[in-house]
Amino acid sequence: MLMFCISMVMQQSRRSSFVVSDRGKSMLVAAIMDVVTSDCESIDKSSFKPLLPKNAEIRDIAAAIEVIEEGGMHWDEQNGDEEDDDDDDGGKGIKGIGIKVLGGTTVLGLSGTGGYADVEHSDSYNSTMVNNAPNNLLFHKINESSHAQAKLSSAVVPGLWDDLDSEHVAVPFAAWALANWAMASEANRAHIQELDRDGHAVMSALMAPERSVKWHGSWLAQLLLEDRNLPLNYSVADWSSSLLSTISQASRTQDIPLAQVALSALLVSIERSPESQEVVMDKGLHSMREAAKQTVKHKSVQESLAKALELITSRELHMSLEESQKWSAILLPWVFGKVSSDTIRSSAINILSHILEDYGPSSVPISQGWLTILLMDTLSCRKSTLTKESAQLTNEKVKTQIDLSNVVSATQTANQLASAVVNLAGSQLGTAIESADTFPLADLLSLEPFAGLYKNLKKDKVPKVTAADSALATLKGIKALTEICAEDPLCLQKITDFGVLCLLRRLLLEDDYEQLAAIEAYDASRANEAQERAPPSLGDSAVVDSHNPSNLRVPATAHIRRHAARLLTVLSVLPQVQKAILSDKSWCKWLEECARGQIPGCNDLKIQSYARATLLNAFCSDPASWKSEIDGVPDGSSLNKKQQQCPQYADMIFLINPELPHWKCIEQKKSNSVDNAAVDDNSAESENRALSRTLENDNPPASTSGSGSFSNMEFPPLDIVFVHGLRGGPFKTWRLSEDKSSTKSGLVEKIDEEAGRQGTFWPGEWLAADFPHARLFSLRYKTNLTQWSGASLPLQEVSSMLLEKLVDAGIGDRPVVFVTHSMGGLVVKQMLYQAKAENKGNFVNNTVGIIFYSCPHFGSKLADMPWRMGLVLRPAPTIGELRSGSPRLVELNDFVRQLYKKKLIDVLSFCETKVTPIVEGYGGWAFRMEIVPMESAYPGFGELVVLDSTDHVNSCKPLNRADPSYKDTLEFLQKLKSHYTTKDSSVH
């Protein structure tokens, strides 16, 4: 078409002695040029095929570079006539408007007057060129090596020049040709790099006004930068600056293809050039942020922006605090956006992680905002799930009611957390909130669920929020998130995808709230000093009180860490989480030291157990399952298979004395003994083993008296599981006793809450030393005496849930003894009954003994209280199941009796003898009763020990080692150990 257009113009011009302007044919040329460069929409290399050859002539590449640099093709007439001095170029010669394109087709239009240009077609790239050598040294060199010289007269093709500026035609063709040549071969790229050493041609293309030139220039820059065999051009930093300008302009005009190709080039420049990273960090963050706001609906652009920012922040450069706060309004929607891809979400989480690491306590509003949106989003998902479950159930289950109650409570917590975020941000920045320009968190607080609170905050006085207030809100948020997600695999996967691990790592390993409190204390002290130096005036006393350091409270960081560790344990059954933990050596080391009690502030027995359970879940996992299950929630068959191979410890199972050496998974033990095995050092298994050995060498296990008989390589032969009763707990139920009768009377809900000596846990302190032949566990489950303190599961559902957790943890695969108090004994009996019904024979057969402390085998007087008391106390459903003569209790007792008769199980029972205070009156009197009488505490088989002067609460709390409640238990365990050890040796 172009050749036809030119030939027609030439024929017309030969018939006339004057220049004829044909605008139609000129526009046709423009249209053809637009067709040639119309591929400026995508640079998908898998589908794109370059139109130009792989072995381009250096002369042609140089010509294209010259066109781009000079804005057109220039030749000086060496032997021109005098009349040529009046040409349109002001006597400088001839300017071309097109160059050779499309594989051998020469397209050359020239500006000037008189004569005609020769336009030919050639089958090779040695086609006709001008015979006048330009003054440019590059062209001198090219013409010296050229075998074909062409004739050129001072001519012009009429009609092609009249309404087309040469820069608007020649330069787009040149940029298009260079990009196609660069795409065609590595050799072409090397020639382009050699001829454009200073990067001026690429820079000219990037700065050109024409869209197609910018597009092809960006593509050319990307191709040159991606070729690792080429040296890095010195102008890459300048390219990056120009690319940022293109991205900004294209985003404003919604030119997504241009923005995308410029971003692709910018990404490569950031990867390869530290100077480019500095340019973007210093000059480009604002334009990138604006581009992100303007291209929200375009996933490809958002992905490139996220990746670019991630590359910068992952290096040695750091965003300022102000920029970090401004970017948080972009990053959090990237994490939670429904249209966000996994790539965007991953990059955003990594960037946020760097921000939290860089700015610690100053970034608390961002981390709290993250937690708030995470909790809100999870609540929405959980509500939807529960609604579907409720519609499918024909009869309402108590568990569903509890789940709905947890959702309501979590919603209130989320609202409180959102308020804490807004108040803390306003408190930190003071009066700056009045101006959005000077308030870097304005965009973040304009998001839901902060927008309404932020709007009200700007109108009212900024409230004073302390670090303790902020920490308390975070604590409630973590607890609520755990409660609504603990039993929902889809929910756990969701919060993992949304970056909860980043938040948990920060809460566990760092001390942002302590630092925030220290900053507040310092500021308060300085303000107090300043106030003391200032002359007295009215109202000073109030100011002094508000800044008094003694008024500042200590943040509840220990509780935050404990609940964060609990949520991590819940999550650690997911392959994705296991991989993340094992790949983070700092986190693994912290967990190991925490489990050993070597982390200051982590002396709580629960957090130590959580740390060990998390490590066991991670180290004992099968790395081969990561690849197949990492992208989604593993299906039921996969989970069942994995559970059979590896124990999984849930948050309901506490490991007693987790610092002992026997708390290691089988895989770790094997890896320590088989050092000569051929293992790939790059494999995940090898890394895990190396890390395990490192942790053991750096942190030798704490010694426990009496435990030296077991080496690191040997498992104790028994498992002992402690199960608390009503209103009990995994540790508080098993404290040492100050008095065998409860002298502190209180409301019924306080039963077992304050009894016993604080901080003394006899299974861990005494039994672990006196009986080192067992692994010790303690279970946790929620129970309430009344409905005032919340709903609790009935006996059958509690037992079913605990049975599942115990089987998953491998408890029941070898001899196990249960030590129970009160209703805990009924829970164990129900678990055995259900295990038999569900053909879980190992669990029943390997249960070799049960110790019952005041277990109501045939009911409790507490459940037989008059109905008028029930109206006051609103007894929980669990209490109703404990009524005397309950057929269900009789059935369970008969089941265990049969096991005892078959000599499959040994039983030891303890009985209380004193009344227990239940309700305190206004006059100081207390309602007392015998909760489990002797006739109910003795199941009718096994040994019975009557505890003198001991009430129900203290029956499982010995005064000392000589107390029958401890001495007889120890003798019972020693007898079982001796019996089963002898039995096992005779079998072998």
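The model is predicted, so local features need pLDDT of at least 70 and side-chain atom pairs count only at pLDDT 80 or more, while totals for chains, interfaces and linings use all residues. Residues are numbered from 1 along each chain as its sequence is written, and side-chain values use heavy atoms, with hydrogens and water left out.

**Helix 11 and helix 12**

- The axes of helix 11 (residues 274–294) and helix 12 (residues 299–313) come within 11 Å and cross at roughly 155 degrees (axes are lines fitted to C-alpha atoms over the stretch in contact, with angles from 0 to 180 degrees between N-to-C directions; helices are DSSP runs of H or I, at least four residues, numbered from the N terminus).
- The two helices are therefore roughly antiparallel to each other (angles over 145 degrees count as such).
- Their crossing is left-handed (the near helix is turned anticlockwise from the far one by less than a right angle).
- Helix 11 brings Val 280, Met 281, Leu 285, Met 288, Ala 291 and Ala 292 to the contact, and helix 12 brings Gln 302, Leu 305, Ala 308, Leu 309 and Ile 312 (contact means heavy atoms within 4.5 Å).
- By class, these contact residues are ten nonpolar, one polar and no charged (Ala, Val, Leu, Ile, Met, Phe, Trp, Tyr, Cys and Pro count as nonpolar, Asp, Glu, Lys and Arg as charged, and the others, Gly among them, as polar).

**The largest cavity**

- There are seven cavities of 30 Å³ or more (on a 1 Å grid over the protein atoms alone, a cavity is a set of points where a 1.4 Å probe fits but cannot get out).
- The largest cavity holds about 180 Å³ of space (a volume is the space filled by probe spheres set on the points, which are joined across faces, edges and corners).
- Its lining counts 17 residues, with Thr 474, Leu 503, Arg 506, Leu 507 and Tyr 513 nearest the centre (lining residues have an atom within 4 Å of a point).
- Helix 15 (364–392) is one of the elements that give two or more residues to this lining, and its four residues are the largest share.
- The lining has seven nonpolar, four polar and six charged residues.

**The second largest pocket**

- About 990 Å³ of space lies in the second largest pocket (a pocket is an open set with protein on both sides within 12 Å along at least five of seven lines).
- Ile 349, Asn 350, Thr 496, Gly 499 and Leu 501 are the closest to its centre among the 30 lining residues.
- Helix 14 supplies nine lining residues, the largest share.
- This lining has ten nonpolar, nine polar and eleven charged residues.

Definitions and conventions:
Parallel < 35°, antiparallel > 145°, perpendicular 65-115°, else oblique.
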